[in-house]
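This report treats selected local features of one model.

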Amino acid sequence: MAEKQATHGSSNRLTLYICIAIVLAIVLAVGWPHKAVQLKVGGEIFLSVLKMLVVPLVMASVMSGILGLGDVRKLGRPGLLTIVYYLSTTLMAVFVGLVLVSVLRPGDVQIDADTLATSMKAGAEKAEMAADKGVSSIFENLIRMFFTDNLFRAALEMDLLPLIVFSIVFAGLLTVMGERASALAEIITQVFDALIAFVLVVMRLAPLGIFCLVAARFGEANAQDQLGNVLKQTGWYSLTVVLGLAIHGLGTLPLIYWIVRRENPYRFLANMAQPLLTAFSTASSSATLPVTMEAAVVRGGVSKRASEFVLPLGATVNMDGTALYEAVAAIFIAQVVGVDMSLFELVVVALTATLAAIGAAGIPEAGLFTMIIVLKTVDLPVAYVGLLLPVDWLLDRFRTAVNVFGDTVGAAVVDDSFSRD
């Protein structure tokens, strides 16, 4: 009991230090932007260390979770509930976004001609970087995402879905083999425990790394006079996205948590402060995964089995914030160009945004590329993506935090479906 209280106390202090680091970073970025930009290398090193841990941690955690079940057939119900939860919450997030953008109509606010011309040029350049994809290709790509012909290349490119599939199948076979694979199963468990210990060491440096990340990114925006001007130009759009994320993150997800667990969801939210702050700082749910897994078990009361299986999968396919953002952005652009969308087109946007968000990588600003898929589906001009570029880096941090919180709520909700014998 004393050891658990000590762990919580240490975690509380670390969360406080991270909060202080973010505040100091923003102050430095506003007051001395050019000095803040020079800290970029420190933030990149911290992000690289986190990303370095992702692939081995995902594979070891999923395998450890399957081995912990004792019988691979027990995975059926938790696995099904996990997928149902992810799809349901993503659709709920999209619905919230569509309602808000339809009521507030941020696209009706006039944007000056020079800003519009510059934004369209930037958007056209961004669109050229994205592949020409349609709705039919989304399903094909989603299926292909589960498989790879080279595990090492998938690991190199942080392509997590095929690694998760391989880990589930491989660990499932080990449970069937029984005593013949007991030594290998023990090694996998020990590797996972060692990686978690490594994560705890890295997190001691988190305040410094997060300070460098936030200071450099905000300082860069301030040095280019983007921070103030951009928020004025697309203020209503930014407000709509942040408000939608707040409703989903502070309303929908806590309500689901309370209905299933009958516990205070906001206490759970407070316990997840560390991964949420890290998600805001890194803008990457994959990079935040090591922190999320540690916090969910130590502070959130989620079992290791649920954490090891649900969270790695969630960091790859559960993108509530991204789906909401893409739905709002599509309708915003439609309003800017004066297109009134029918109910059918709104449904198409909702479904496409959900699928595109699932296919989005857990890396910074990946949602911009899947956004182009949504726009092309309903024949909206992709060049208008340029209107979103100036604020995307900032909104990306908010939506990543919601993505990560959705993962942790999912692990808590599905937790009881895992056998606890």
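Predicted model: local features only at pLDDT ≥ 70, side-chain atom pairs only at ≥ 80, totals over all residues.

Ser88 belongs to helix 4, which covers residues 76-104. Between Ser88 and Thr354 there are 266 residues of separation in sequence, yet their C-alpha atoms are 9.8 Å apart in space.

A second pair of this kind involves Ala270, a residue of helix 13. Ala270 is partly exposed, its relative accessible area being 47%. Ala270 and Thr15 are 255 residues apart in sequence, and the C-alpha to C-alpha distance between them is 10.0 Å.

## Aromatic cluster

Two quantities describe a pair of aromatic rings: the distance of the centres and the angle of the planes. Over the whole structure, the search returns six aromatic pairs. One of them joins Tyr257 and Phe268, with 4.7 Å from centre to centre and 25° between the planes. This pair counts as stacked, because planes under 30 degrees apart are classed in that way. Tyr257 is part of helix 12 (residues 235-261) and Phe268 is part of helix 13 (residues 265-271), so the contact ties together parts that lie eleven residues apart in sequence. Tyr257 and Phe268 are both buried.

Phe268 also pairs with Phe405, in this case with a tilted arrangement: the centres are 6.3 Å apart and the planes are at 40°. Since Phe268 lies in helix 13 and Phe405 in helix 20 (residues 389-414), this pair ties together parts 137 residues apart in sequence. Which residues make up the resulting aromatic cluster? Tyr257, Phe268 and Phe405 form one cluster. The relative accessibility of Phe268 is 2%, so Phe268 counts as buried. For Phe405 the value is 3%, and Phe405 likewise counts as buried.

## Arginines over aromatic rings

Two arginine–ring contacts are described here. Arg262 lies over the face of Trp258, at a distance of 4.2 Å from the ring centre. Arg399 is placed over the face of Tyr325, at 3.9 Å from the ring centre.

## Positive phi at two arginines

Arg262, which takes part in the contact with Trp258, also has a positive phi of about 55° although it is not a glycine. Arg262 is located in the loop between helix 12 and helix 13. Is Arg262 buried or exposed? At a relative accessibility of 57%, Arg262 counts as exposed, because the cut-off for that class is over 50%.

Arg105 is another non-glycine residue with a positive phi, here of about 45°. Arg105 is found in the loop between helix 4 and helix 5 (113-129). With a relative accessible area of 31%, Arg105 is partly exposed.

## Packing around helix 16

The packing of two helices is described by the angle between their axes and the distance between the axes. Helix 8 (residues 160-177) and helix 16 (residues 304-317) have axes that come within 9 Å and cross at roughly 155°. Helix 8 is therefore roughly antiparallel to helix 16, because angles over 145 degrees fall in that class. The crossing of helix 8 and helix 16 is left-handed.

Helix 16 also packs with helix 15 (residues 285-298): the two axes come within 10 Å and cross at roughly 160°. Helix 15 and helix 16 are thus roughly antiparallel to each other. What is the handedness of the crossing in which helix 15 passes helix 16? Helix 15 passes helix 16 in a right-handed crossing, whereas the crossing of helix 8 and helix 16 is left-handed.

## Cysteines

How many disulfides does a search of the whole structure find? The search finds zero disulfides. Cys19 is partly exposed, with 33% relative accessible area. Cys212 has a relative accessible area of 9% and is therefore buried, because the cut-off for a buried residue is under 20%.

Note on methods:
Residues numbered from 1 in each chain as written. Heavy atoms only, no water. Phe/Tyr/Trp six-rings, centres within 6.5 Å; stacked < 30°, edge-to-face > 60°. Helix = DSSP H or I, 4+ residues; strand = E, 2+ residues; numbered from the N terminus. Buried < 20%, exposed > 50% of the residue type's maximum accessible area, 1.4 Å probe, protein only. Lys NZ or Arg CZ within 6 Å of the ring centre and 35° of its normal. Disulfide = S-S within 2.5 Å. Axes fitted to C-alpha atoms, helices over the stretch in contact; angles between N-to-C directions. Parallel < 35°, antiparallel > 145°, perpendicular 65-115°, else oblique. Left-handed = near helix turned anticlockwise from the far one by under 90°.
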